Amino acid sequence: MPATVDPSAQPSGPAQSFGSAETPGSETPLARTRRARRIVRILGEVHPDARIALDFTTPLELIVATVLSAQCTDKKVNEVTPTVFARYPVAAAYAGADRAELETILRPTGFFRAKANSVIGLGAALVDRFGGEVPRTLEELVTLPGVGRKTANVVLGHAFDTPGITVDTHVGRLSRRFGLTTQDDPVKVEADLAALIERKNWTIASDRMIFHGRRVCHARRPACGACAVAKLCPSYGTGPTSEIEAAKLVRGDVEAAR
Ligand code: SF4
């Protein structure tokens, strides 16, 4: 679905609410909290379609898809998972999978040997320790092979409706550009965001930041002149501020950017 960047939300010049008189260092915790929540709200207006890009219907499918998405685009994962999910419908099927066959199926996602190892181990751990079901807590999820904190939060937030902040490359970058954290460690970024954003919005805030990172606030040349949260962003000017130049950088189709 094309990105709908509301023209009325376009900045007409440099950031105003967050200008030279107010820098991340001098901002009060309350002001930062309000600004963070405003950013999340505006990103929701700009990216109303923000959602997890991986296709799944069950917690098991989501955890497998998330493991497969390491170093791979969600689009490519979605091309492979219909075959995977049909061939391995339950955790025991992964546990008993023929490794060579599984590797062949996973090959298009890259690092297919390691990923085959992970999902076989994942299936075995689910069968051995959780009755074949995906556990519902962060503490349990991170004990599973191939499942780190990022994957665990994806599963909690999207399969179990338990709020979770997913700190991927986009969320980390945008959090630093917004001045909501100075940390590089995803766990510390997650903690900083958790302190600023209402718990009920943790999952959707991550989804919106990921979409904004894919469509507008790119790693190399962010489209600052076409950014709806420019007035709240201390990094305004990192990319082109000219509306015309910035508009060319906006990726209207998230499929193309992911
Ligand atoms: S595009 Fe520019 S103004 Fe917008 S969030 Fe990124 S760095 Fe800030």
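Helix H2 passes helix H3 in a right-handed crossing, a crossing being right-handed if the near helix is turned clockwise from the far one by less than a right angle, and left-handed if anticlockwise. The model is a predicted one, in which local features need pLDDT of at least 70 and side-chain atom pairs count only at pLDDT 80 or more, whereas totals for chains, interfaces and linings use all residues. Residues are numbered from 1 along each chain as its sequence is written.

H2 (residues 59–68) and H3 (residues 74–87) pack at an angle of about 135°, with their axes 10 Å apart; the helices are DSSP runs (H or I, at least four residues) numbered from the N terminus, and the axes are lines fitted to C-alpha atoms over the stretch in contact, with angles from 0 to 180 degrees between N-to-C directions. H2 and H3 are therefore oblique to each other, the class left after angles under 35 degrees (roughly parallel), over 145 (roughly antiparallel) and 65 to 115 (roughly perpendicular). Glu 61, Val 64, Ala 65 and Leu 68 of H2 make the contact with Val 77, Val 80, Thr 81, Val 84 and Phe 85 of H3, contact requiring C-beta atoms, placed from the backbone, within 7 Å.

In the second pair, H5 (residues 99–106) and H6 (residues 112–130) pack at an angle of about 120°, with their axes 9 Å apart, which makes H5 oblique to H6. H5 passes H6 in a right-handed crossing, where Arg 99, Leu 102, Glu 103 and Leu 106 in H5 meet Phe 112, Arg 113, Lys 115, Ala 116 and Ile 120 in H6.

Methods:
Helix = DSSP H or I, 4+ residues; strand = E, 2+ residues; numbered from the N terminus. Contact = placed C-beta atoms within 7 Å.
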